[in-house]
Amino acid sequence: VDVFVVSMTRVGVRRLQSMTTACGGEVVSHQTFGDAMARDLSLASLRSLGSSALFNLHASPCVEISRIMGPLIPPATRAEVEMSEDLPNLSISPAVESRHAISVLYHLTEDPTEEYVYFQCVNAYTTKTKERVVRTSTSRLPVTKNTVELLQSVDVSVVGVLLAKEAVVQVREGSASVEGARQEMTARLQNIATTWSDQVKVT
């Protein structure tokens with residue numbers, strides 16, 4: 001048994017050495033390879049996983065997708081244009097990387113009648129070995145009429161990031177100026193804070 005240790009400390013290495021010695025193996029630290037090894041490991045985490053990615057999102061009838069944000073490009077080929085006409089929530093990305101993220105904004109068109117609302121994501125991309133991979137994931141969110149429960153389920157840090165992303169997209173699209181986007185984001189944050197404060201006072 002050979003053990004390759006990727007650690008900045010040597011805690012437990014002696015115990016590993018006694019294990020490998022008993023079976024004729026070796027314990028090798030990544031530090032033996034110098035800075036090049038650390039640099040290669042860092043670059044490996046940023047390496048592209050695939051290309052030609054298609055992302056499509058389906059949701060419950062009462063849910064309408066407002067905007068999908070991420071490293072996306074408009075349809076370029078005839079096939080992509082035809083698919084986008086049939087799939088309004090279709091998104092296209094030239095590369096698939098572990099550091100990429102897609103953010104989805106949605107709103108309710110009517111009050112949900114079920115206990116949950118559902119989202120289904122279909123993602124297709126081409127791997128480095130030219131294989132076409134299709135992945136489907138489904139998630140559900142519980143429905144509540146209690147405003148306090150709703151506010152308690154909100155991740156404040158995520159809300160801030162989404163508002164900032166939307167502001168950047170609006171500026172890049174030309175639908176808002178930098179100052180206008182800043183003012184709108186500030187007003188929305190103030191509205192959220194006021195709503196939260198009012199609910200805390202009520203409870």
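Gln170 sits in helix H5, where helices are DSSP runs of H or I of at least four residues, strands are runs of E of at least two, and both are numbered from the N terminus. The model is predicted, so local features need pLDDT of at least 70 and side-chain atom pairs count only at pLDDT 80 or more, while totals for chains, interfaces and linings use all residues. Residues are numbered from 1 along each chain as its sequence is written, and side-chain values use heavy atoms, with hydrogens and water left out.

With a relative accessible area of 12%, Gln170 is buried (buried means under 20%, exposed over 50%, partly exposed in between, with a 1.4 Å probe and protein chains only). Setting aside residues up to four places away in sequence, Gln170 touches Arg67, Ser175, Ala176, Ala181 and Glu184; a contact here means heavy atoms within 4.5 Å.

Gln170 also turns up in the lining of the largest cavity, along with Leu163, Glu166, Ala167, Ala181, Glu184, Met185 and Arg188. On a 1 Å grid over the protein atoms alone, a cavity is a set of points where a 1.4 Å probe fits but cannot get out, and a pocket is an open set with protein on both sides within 12 Å along at least five of seven lines; lining residues have an atom within 4 Å of a point. The volume of the largest cavity is about 50 Å³, counted as the space filled by probe spheres set on the points, which are joined across faces, edges and corners. H5 and H6 each give at least two residues to the cavity lining.

Then there is the largest pocket, at about 1,400 Å³. It has 30 lining residues, and the closest to its centre are Tyr106, Leu150, Ser153, Val154 and Val159. Strand S6 (103-108), strand S8 (132-142), helix H4 (147-152), H5 and helix H6 (178-202) each hand two or more residues to this lining.

Salt bridges come next (a side-chain nitrogen of Lys or Arg within 4 Å of a carboxyl oxygen of Asp or Glu), and the count comes to 5. One of them pairs Arg67 with Glu173, the closest N and O atoms being 3.3 Å apart. Arg67 is in strand S4 (residues 63-69) and Glu173 in helix H5, so this pair ties together parts that are 106 residues apart in sequence. Glu173 itself is exposed, at 53% relative accessibility.

Other pairs stay within a helix. Glu82 and Arg78 meet in a salt bridge at 3.3 Å, N to O, and they are separated by about one helical turn because they are 4 residues apart in helix H3 (residues 78-86). Glu82 is partly exposed at 39%, whereas Arg78 is exposed at 68%. Glu179 and Arg182 form a salt bridge too, at 2.5 Å, N to O; both lie in helix H6, 3 residues apart. Elsewhere, salt bridges with shared partners join Glu166, Glu184 and Arg188 into one network.

Over in strand S3 (residues 50-59) is Ser52, partly exposed at 42% relative accessibility. Its C-alpha atom is separated by 8.1 Å from that of Ala124, 72 residues apart along the chain. Beyond neighbours within four places in sequence, the contacts of Ser52 include Ala124, Tyr125 and Arg132.

As for the whole protein chain, there are 6 helices and 8 strands, and 22% of the 203 residues count as buried.
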